[in-house]
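Please look over the model below. The report then covers helix packing, aromatic pairs and a few individual residues.

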Amino acid sequence: MPRKTNGIEIEIHPGPRKGEDGKPLLYVRPAKGHKKTVADMELFCAKYRGLSRSEFIRVFELALEVTTMWLKDGYRVETPFGSFAPKLKLMGEHTDPKTIRGKDVRYAGVDFKPCRRLVKEAGNGREGFR
């Protein structure tokens, strides 16, 4: 049987949880080694889109600076990639809002929700997995 040569390369791994048969549940992820960096994107845009390397980096640096500034102030930031929002966590179990103080709220990271266009474009033209 011929081997499939198109589509996204995947790896299958056992997970920490076990299924009904006692065997580990499997999960799938893209194959290792297929990683692109901002430098790769910078070179691609310079070569195929006519954008100079310095312009590209400056735009991303400014976007990162402004986005983090607004996230620190508690705003949700909408971008062409999706929206970013500060993720907050309430420490302990509280049933009355009046008992919550500033020290009970912790920063838990950044919540990212990709825009519909990004999700749609990322899935277009895929010919399955191998």
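## Packing and aromatic pairs

Phe-112 counts as partly exposed, at 35% relative accessibility. Partly exposed lies between buried (under 20% relative accessible area) and exposed (over 50%), with a 1.4 Å probe and protein chains only.

This is a predicted model: local features need pLDDT of at least 70, side-chain atom pairs count only at pLDDT 80 or more, and totals for chains, interfaces and linings use all residues. Residues are numbered from 1 along each chain as its sequence is written, and side-chain values use heavy atoms, leaving out hydrogens and water.

**Aromatic pairs.** The structure holds three aromatic pairs. Rings of Phe, Tyr and Trp (its six-membered ring) pair if their centres lie within 6.5 Å; planes under 30 degrees apart count as stacked, over 60 as edge-to-face and the rest as tilted. Two of the pairs are tabulated here.

| Pair | Centre to centre | Angle between planes | Class |
|---|---|---|---|
| Phe-44 and Tyr-48 | 4.9 Å | 45° | tilted |
| Phe-84 and Phe-112 | 4.9 Å | 35° | tilted |

Phe-84 sits in strand β4 (residues 82–90) and Phe-112 in strand β5 (residues 105–114), so their pair ties together parts that are 28 residues apart in sequence. Phe-84 is partly exposed, at 23% relative accessibility. Phe-44 and Tyr-48 both belong to helix α1. They are four residues apart, about one turn of the helix. Phe-44 is partly exposed, with a relative accessible area of 42%. Helices (H or I, at least four residues) and strands (E, at least two) are DSSP runs, numbered from the N terminus.

**Helix packing.** How do α1 and α2 cross? The axes of α1 (residues 38–48) and α2 (residues 53–72) come within 9 Å and cross at roughly 135°. That makes α1 oblique to α2. Under 35 degrees is roughly parallel, over 145 roughly antiparallel, 65 to 115 roughly perpendicular, and the rest oblique. Axes are lines fitted to C-alpha atoms, for helices over the stretch in contact, and angles run from 0 to 180 degrees between N-to-C directions.

On the α1 side, the contact is made by Val-38, Met-41, Glu-42, Leu-43, Cys-45 and Ala-46. On the α2 side, Arg-53, Phe-56, Ile-57 and Phe-60 take part. Contact means heavy atoms within 4.5 Å. By class, this contact has eight nonpolar, no polar and two charged residues. Ala, Val, Leu, Ile, Met, Phe, Trp, Tyr, Cys and Pro count as nonpolar, Asp, Glu, Lys and Arg as charged, and the others, Gly among them, as polar.

Phe-60 of helix α2 is partly exposed, at 32% relative accessibility. Leaving aside neighbours within four places in sequence, Phe-60 contacts Met-41 and Phe-81.

Is Ser-83 buried or exposed? Ser-83 is buried, with a relative accessible area of 6%. This residue of strand β4 touches Arg-76, Val-77, Glu-78, Asp-111, Phe-112 and Lys-113, not counting residues up to four places away in sequence.

Pro-86 also lies in β4. Pro-86 is partly exposed, with a relative accessible area of 23%. Beyond its neighbours within four places in sequence, Pro-86 is in contact with Leu-71, Gly-74, Tyr-75 and Gly-109. Pro-86 and Lys-98 are twelve residues apart along the chain, and their C-alpha atoms are separated by 22 Å.
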